[in-house]
Amino acid sequence: KICMHYQMNEIEKIHNQGYFDGGYFILNPNRVNEPCKCINDFYVTLPYEHSIKKEILNLIKDTRSCLKICSFILTDKDIFGEIESILEEYEVAVFILTQLDESKFSSSLLTEEELWENVNQTHLDMIKKLYDKGAHIRATKNAHPKFVISDRKKAFVMSANVTTPSLTINPESGVYIHDIKTACHLDRVFD
């Protein structure tokens, strides 16, 4: 069995993958381009697939006692609206662990699409509105993890920030944690 390795400076363009600047890449002549499909408890964000956003919305809607969200930034209007709704209609205790230091909202930490949104002001405005409606907000210096915990037993861990680009454009992934012990451990980590 022969495996062909190419140095990237020898390859100018890989047609279905874009341009590469360095490193090694194994070309697979048998690769088939198929759309990514969500299976079981694995969810993605791609331009044609918004299953992470749908799952977050469903998780929030189904919460009846306690919702915990950890995200560097929160600017998606649909997620914001659903959090507002459960605060008002169901008197759910909402806890958000996020970034509140405006100096952290730089181009090195956010995607180009996220920078389009005037994210720092949008994020701070949304967090203030949620705080005014009763959400518990805690700032952190390093809010890199992204997860949602519903009623202290359903946990969804993802790569996506809670921004519209991360939930509708940027390639992201998310998985459910069904093991109650692991979900409880994540709940304690949040606290």
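Among contacts (heavy atoms within 4.5 Å) in the protein chain between residues at least 6 apart in sequence, 67% join residues at least 24 apart. The model is predicted, so local features need pLDDT of at least 70 and side-chain atom pairs count only at pLDDT 80 or more, whereas totals for chains, interfaces and linings use all residues. Residues are numbered from 1 along each chain as its sequence is written, and side-chain values use heavy atoms, with hydrogens and water left out.

The chain has six helices and 10 strands, taken as DSSP runs numbered from the N terminus (helices H or I, at least four residues; strands E, at least two). Of its 191 residues, 41% count as buried, meaning under 20% relative accessible area with a 1.4 Å probe, protein chains only.

The largest nonpolar core has 28 residues, of which Ile56, Leu67, Ile83 and Val94 touch the most other members. Such a core is a set of buried Ala, Val, Leu, Ile, Met, Phe, Trp, Tyr and Cys residues joined through side-chain atoms within 4.5 Å. Two or more residues come from each of α1 (51–62), β5 (66–70), α2 (77–89), β6 (93–98), α4 (119–132) and β9 (154–158). Beyond its neighbours within four places in sequence, Leu67 contacts residues including Ile60, Ile86, Phe95 and Val148.

Glu49 belongs to strand β4 (residues 49–50). Glu49 is buried yet has no salt bridge, and Lys54, the nearest side chain of opposite charge, is 4.6 Å away; a salt bridge requires a side-chain nitrogen of Lys or Arg within 4 Å of a carboxyl oxygen of Asp or Glu. A polar atom of the Glu49 side chain does lie 3.4 Å from the backbone nitrogen of Ser51.

Terms used
Buried means under 20% relative accessible area, exposed over 50%, partly exposed in between (1.4 Å probe, protein chains only). Lys and Arg count as positive and Asp and Glu as negative; His and the chain ends are not counted. A polar contact is a pair of N or O atoms within 3.5 Å; within protein, one must be able to donate a hydrogen and the other to accept it, and residues adjacent in sequence count only if both atoms are side-chain atoms.
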